[in-house]
Amino acid sequence: MNVRKIVTVVEEIHTEGGREVSRPARVAVVAAVIENPWAGQGFVEDLTPGIDANASDLGALLAPAVLDALESPAEAYGKAAIVGLDGEVEHGSALIHTLQFGDHFRKAANATTLLPAVEKRGPAGIVFDIPLKHITDATIRSHHQSIEIRISDAPHPNEIVIALAAAAQGRPQQRLAPLSTEQ
């Protein structure tokens, strides 16, 4: 795995809707900008060797880093794979939609649900939103949120941005009724 750089973003919301948030709402993202393991190979039928060589190492690198940046236990989480223009969306999906990658985050966060994800292809500086959901119950509405990220010089055409996001709480000032009220 060739990592060009790691970017960490921490957002802390103190006021929402004109009111002070009782405890600042904290969301952290850690993104690794890596060389696309399938770059320059044309269409690759079997992505397994690249997955086996990279997915677990990426999960092991990013999971503890995002939780360290959050500085609190995670209550919501998500992931992203943004592929440079010379790659396929499938290249990013191959790395993040495997237990070799995701289980590092699930175990570190004591989570049980699937990680929500965004995957797309784009040029350097593309804006992307990482969706987050509750770590143990994806139906908990208060934790459905997203964080917008942009890395000005990534991904290069032969790179992939792989990111994990974690929130220490649900949305600030959330007041939607639980899903069970509509069933």
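User: Hi! In which loop is Glu-71 found?

Analyst: Glu-71 sits in the loop between α1 and β3; helices (H or I, at least four residues) and strands (E, at least two) are DSSP runs, numbered from the N terminus. This is a predicted model, where local features need pLDDT of at least 70, side-chain atom pairs count only at pLDDT 80 or more, and totals for chains, interfaces and linings use all residues. Residues are numbered from 1 along each chain as its sequence is written, and side-chain values use heavy atoms, with hydrogens and water left out.

User: What is phi of Glu-71 near?

Analyst: Phi of Glu-71 is near 60°, a positive value in a residue other than glycine.

User: And is Glu-71 buried or exposed?

Analyst: Glu-71 counts as exposed, at 61% relative accessibility. Buried means under 20% relative accessible area, exposed over 50%, partly exposed in between (1.4 Å probe, protein chains only).

User: Switching topic, which residues touch the most other members of the largest nonpolar core?

Analyst: Those are Val-66, Phe-101, Phe-105 and Ile-162, in a core of 34 residues. A nonpolar core is a set of buried Ala, Val, Leu, Ile, Met, Phe, Trp, Tyr and Cys residues joined through side-chain atoms within 4.5 Å.

User: Which element gives the largest share of this core?

Analyst: That's α1, with nine residues.

User: What is Phe-101 in contact with, leaving aside neighbours within four places in sequence?

Analyst: Its contacts (heavy atoms within 4.5 Å) include Ala-55, Leu-58, Leu-62, Ile-162 and Leu-164.

User: Last one: which peptide bond is cis?

Analyst: The bond from Ala-154 to Pro-155 is cis, with omega near 0°. Pro-155 is in the loop between β6 and β7.
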